[in-house]
Amino acid sequence: MQPLSSIFETPVDALVEIAPQCLVIGSGTSGVTAAIELAQRGLRVAVIEAGPFVLSEHIGSTPFADQHEMVPRIHDLVRRRTVWTDSAHEADAKAGQLAPNNNAWEAVGGRTLFWGGCTPRFIDSDFHDWPYDADHFRPWYERAEQLISASGYNDGTGEVPHFIAETGPLVSRLAEAGITATCPPLGIDTRAVRDGRMSRGFDSSVSRLLRCPAFGRRADGAKLTLTAECAAVDLLLDGATVRGVRVLDRRSGRHLDLHADEVILAGGAVQSTRLALAAGLDRIDPLVGRYVGDHLFVQAALKLPAPLHHKAVYLFIPPLPDRPYHVQMQGMFSNKWYNPLDATMWLDGEAHGDTLLYYCFGASRATDEARVVLTGQPGDPLRGYAVINDRTPEDLATLEAMEDFVQHVGGALGAQVARVERHHAGAALHEFGGLRMGTDPSSSVTDPDGRFRRVANLVCVDSAIWPSQGSANSYLTITATALRNAEKLAARLSATTPELASQGA
Ligand SMILES: Cc1cc2nc3c(=O)[nH]c(=O)nc-3n(C[C@H](O)[C@H](O)[C@H](O)COP(=O)(O)OP(=O)(O)OC[C@H]3O[C@@H](n4cnc5c(N)ncnc54)[C@H](O)[C@@H]3O)c2cc1C
């Protein structure tokens, strides 16, 4: 029997024969969002993905969500270990002598198979060093929220999940201490079945791709295709133009050269940056690979005086302009600590639990010294890198304030702070930078639309282009960034391609 994927995947040889107009590298939310947008505007788009096809939707929307033993094993099929460290350990990192301390995922759908579902927007002040402001970006936030069937937003279609009703007493205690708490914004379709359509659960780029009417096999004439287990290992440059992408077909072990009019980097901030470095783009622009950072992340466990008798509690304390971090509190648990290998943490609670898991994420900026370095490890080309990041004095001050805030919240709830931990850079899994965008060519690799300034047909649509990480977790803003940059790219291409213009690109 053929595998399921044979009915929708396009073999890599077909991409060699008929070059797509746009080649998207990566199938996470950034890649799939951009690919669908481009295909819907009439372009022939191929997505290549280094990892295999393992799930057709987020794990929390599948029956595996209840298989607590199996879920980590599913992660392990597509998880690899990575290194984030500080400049004091750079030499060891480059020599490949540091034990891995972080995770990355390679699969069709990328991290959208496993992410946690929290989708706040950046607040206006988070955009202060971006090349555009919050007002400019708002329409893409609105479209991205519709795309991922977000709950609890103000477009009239989302319904707020009812966690808040269950946690009313906690909200009141926080309010008495001057802390506003709300329901978290979620990238989860919680609407009732309607118009013959089932709710979609957690957003995942793989299910969005499979649902897209333009998606199918190249042999069947589809505008939007997927080729899995196909890793981009080099960009083939002809002067200042990308003439092709060298890929490793992991199934056969062959290297092949693919051609496309436009190449779109969507491997996640670190991998898009790593590929640019592997292609030697830092020789064209020394800023390539720099200003790499991650969300600030402090975690805690708050033990309440008594159980709430609710299994699924979820509270969100939004950031403020002078409090550049937010808090997510999930419960109830009796004895648990955050584990990224769980299926749906906050839906796996215990009715008699008395402990809330507390996650605080803070805005962060990186310096030009914070960067991806190639470690030249032989073997798999995607794995030979490390990220070097020293916390800035500003980041350290925010981290301290975040730790103080745990005590403040714990006190307001009458809870005992049972454990607090400040995580190293990288652990939040909300990385950014490496291909920084800006309006000034002397301080940016890409323009505000993610277009490389010194390479003609290369665009980045993921958080590698972000100048900084705002207070909000990254998923929604990555999705909106990808949507925006794809729209800008399609508009540019339609200006030079009359048949696209007539299709409304
Ligand atoms: C357990 C967990 C919980 C999370 N919870 C939240 C949350 O609640 N809220 C939130 O906002 N964010 C959350 N995140 C983070 C969020 O999932 C990511 O920020 C976001 O999904 C990243 O999307 P991306 O498309 O940029 O990258 P990815 O999802 O990493 O996708 C990139 C894909 O590109 C592929 N790729 C890379 N390089 C190549 C190459 N050279 N050739 C071919 N393919 C390549 C990779 O294999 C990967 O599949 C969570 C992440 C995890 C792991």
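**A sheet and a ligand site**

Q: Which residue stands opposite Arg-246 in E10?
A: Asp-234 stands opposite Arg-246. Please bear in mind that this is a predicted model.

Q: How many bridges join E9 to strand E10?
A: There are 8 bridges between E9 and E10, the latter covering residues 241-249, and the two strands run antiparallel.

Q: What is the order of the strands in the sheet?
A: The order is E9-E10-E11, an open sheet of 3 strands with antiparallel pairing. E9 (230-238) and E11 (254-258) stand at the edges with a single partner strand each, so one side of each has no neighbour in the sheet. From one strand to the next, the twist averages 25 degrees.

Q: Now the ligand: how many residues surround it?
A: The ligand is surrounded by 33 residues, and the closest are Ser-30, Glu-49, Gly-116, Cys-118 and Tyr-475. By class, 15 of the shell residues are nonpolar, 14 polar and 4 charged.

Q: Which element gives the most to that shell?
A: E9 does, with 3 residues. Helix H2 (29-40) and helix H12 (475-496), like E9, each supply at least two.

Q: Where are the polar backbone atoms that lie 2.8 Å and 3.1 Å from the ligand?
A: A polar backbone atom of Gly-116 is 2.8 Å from a ligand nitrogen atom, and one of Ala-107 is 3.1 Å from a ligand oxygen atom.

Q: How much of the ligand does the protein bury?
A: The protein buries 96% of the 1,000 Å² that the ligand exposes when taken alone.

Conventions
Residues are numbered from 1 along each chain as its sequence is written. This is a predicted model: local features need pLDDT of at least 70, side-chain atom pairs count only at pLDDT 80 or more; totals for chains, interfaces and linings use all residues. Side-chain values use heavy atoms; hydrogens and water are left out. Two strands pair if DSSP finds at least two bridges between them. Helices (H or I, at least four residues) and strands (E, at least two) are DSSP runs, numbered from the N terminus. Axes are lines fitted to C-alpha atoms, for helices over the stretch in contact, and angles run from 0 to 180 degrees between N-to-C directions. A residue is near a molecule or strand if one of its heavy atoms lies within 4 Å of it. A polar contact is a pair of N or O atoms within 3.5 Å; within protein, one must be able to donate a hydrogen and the other to accept it, and residues adjacent in sequence count only if both atoms are side-chain atoms. Accessible areas come from the Shrake-Rupley method with a 1.4 Å probe; for residues, only the protein chains shown count as cover. Ala, Val, Leu, Ile, Met, Phe, Trp, Tyr, Cys and Pro count as nonpolar, Asp, Glu, Lys and Arg as charged, and the others, Gly among them, as polar.
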